Amino acid sequence: MRRTLARFAVVGTVVTVVDIGVLVVLRMHGVVVADAIAVALATTASYVLHRMVTFRGDPYDRWLGRTRQFHQSALAGLVVDVAVMVSLAGLHPSMPRLVAAKVVAIGVAGVVRWFMHRHVLFNLVRDQQRRVPGRVPSVGSYRLSVVVPAYEEADRVGDTIAAIRRDLAALGPQLEIVVVDDGSTDDTAGAARAAGADLVLRQPQNRGKGAAVRAGMLAAGGSTVAFTDADLAYAPVQLLGLLAEIEAGWDVVVGSRTHEATRTLVRRGHLREVGGRAVNYLTHLVLLGHYRDTQCGLKAFRGDVARSLFGRARIDGFAFDVEVFALAERDQLAVCEVPVSVENTTRSTVHVVRDAARLVRDLFRIRRWAREGAYQDSLVPDRGR
């Protein structure tokens, strides 16, 4: 992370020095001409240096590769920069006023370019994700595997398994239930076996929801693999809808609690709702596209896609969902968001402040790993038949 910030700092400093320096040198030719030339040269320097240093080998390089949109953004930034300069400094300012106005202009133009940058990447990723691939169906020992991460759930994991069996009875023997005991101190694993889970895995120590889901997804044998929370905030019957979407051709289907068609039967506490919205904003540090809800605990994947994504995933904590989205973007997978019915419970293993701090740390780790090439190439078959 420090190396990333250092690269940004170096490039940003060089570009700012070029921008202000050229403006000061050419100021006798008038503010408009001098500032336009300064911004043009600074933008060129920014493009070259970011391509060579900051975003080298990074998914964000896709933005720099879209020449037309980059030029449009640069032109908009130039117009805004000049307009702010003229409005704040006038046409014949003193040196202090000129520099002060320039600092403000750089900030305002930077915000404009950032929003245009995000808009371009959002549309690019959205268009890629809406293209349903033409791959042959995924194969597996079961039609659907449901992974249930569990921690200290001995008293209710049996009811959870029974509810999944009941709601998904139409699948019969084509349903697999995988319970992952994330290092519980109670007998969660034993209770899951007694309740008839098809596969029970036990982590030797509590590592986090991400580690538990990853272990279950890699062990599951379904042609479609989904995960849901042990508290069943999402009625298991909704998994049939996700299964249908996967079998219709989508690579990844994710529930969204903020979808316009979502029904919230019992709301979360105010602090957790605010925290959830904050997490979605923070995901812009990592994700190129925009998603209504990255943290919904109801997601389904093609079996081969699940093995590819979770085989490369590294995050053990709650940021694992964001990492999976980031990998799906890298692989240009087809992602479908669907509404859910959610009934939040008061019982939770989430500690808002502690887990929020860890999530922010993990978001920066995902960005660093992506830039350093830590995520190997996709293992998903080609889209063509």
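**Close-up views of a predicted model**

**View 1. Phe227 and Phe301 are both buried.** Buried means under 20% relative accessible area, exposed over 50% and partly exposed in between, with a 1.4 Å probe and protein chains only. The model is predicted: local features need pLDDT of at least 70, side-chain atom pairs count only at pLDDT 80 or more, and totals for chains, interfaces and linings use all residues. Residues are numbered from 1 along each chain as its sequence is written, and side-chain values use heavy atoms, with hydrogens and water left out.

**View 2. Phenylalanine rings form a cluster.** A search of the whole structure gives four aromatic pairs. Rings of Phe, Tyr and Trp (its six-membered ring) pair if their centres lie within 6.5 Å; planes under 30 degrees apart count as stacked, over 60 as edge-to-face and the rest as tilted. Phe227 and Phe301 are stacked, at 6.5 Å centre to centre with 20 degrees between the planes. Phe227 belongs to strand 4 (residues 222-228) and Phe301 to strand 7 (residues 298-302), so this pair ties together parts 74 residues apart in sequence. Helices (H or I, at least four residues) and strands (E, at least two) are DSSP runs, numbered from the N terminus. Phe301 and Phe310 are both buried. Their ring centres are 5.5 Å apart and their planes at 85 degrees, so this pair is edge-to-face. Ring pairs link Phe227, Phe301, Phe310 and Phe320.

View 3. Two strands pair if DSSP finds at least two bridges between them. Strand 5 (residues 252-256) pairs with strand 8 in the parallel sense over five bridges. Gly255 stands opposite Val338 in strand 8.

**View 4. Lys209 sits in helix 8.** At 18% relative accessibility, Lys209 counts as buried. Leaving out residues up to four places away in sequence, Lys209 touches Pro149, Asp182, Asp229, Gly297, Asp316, Phe318 and Phe320. Contact means heavy atoms within 4.5 Å.

**View 5. Arg314 lies over the face of Trp369.** The distance from the ring centre is 4.9 Å. A charge sits over a ring if NZ of Lys or CZ of Arg is within 6 Å of the ring centre and within 35 degrees of the ring normal.
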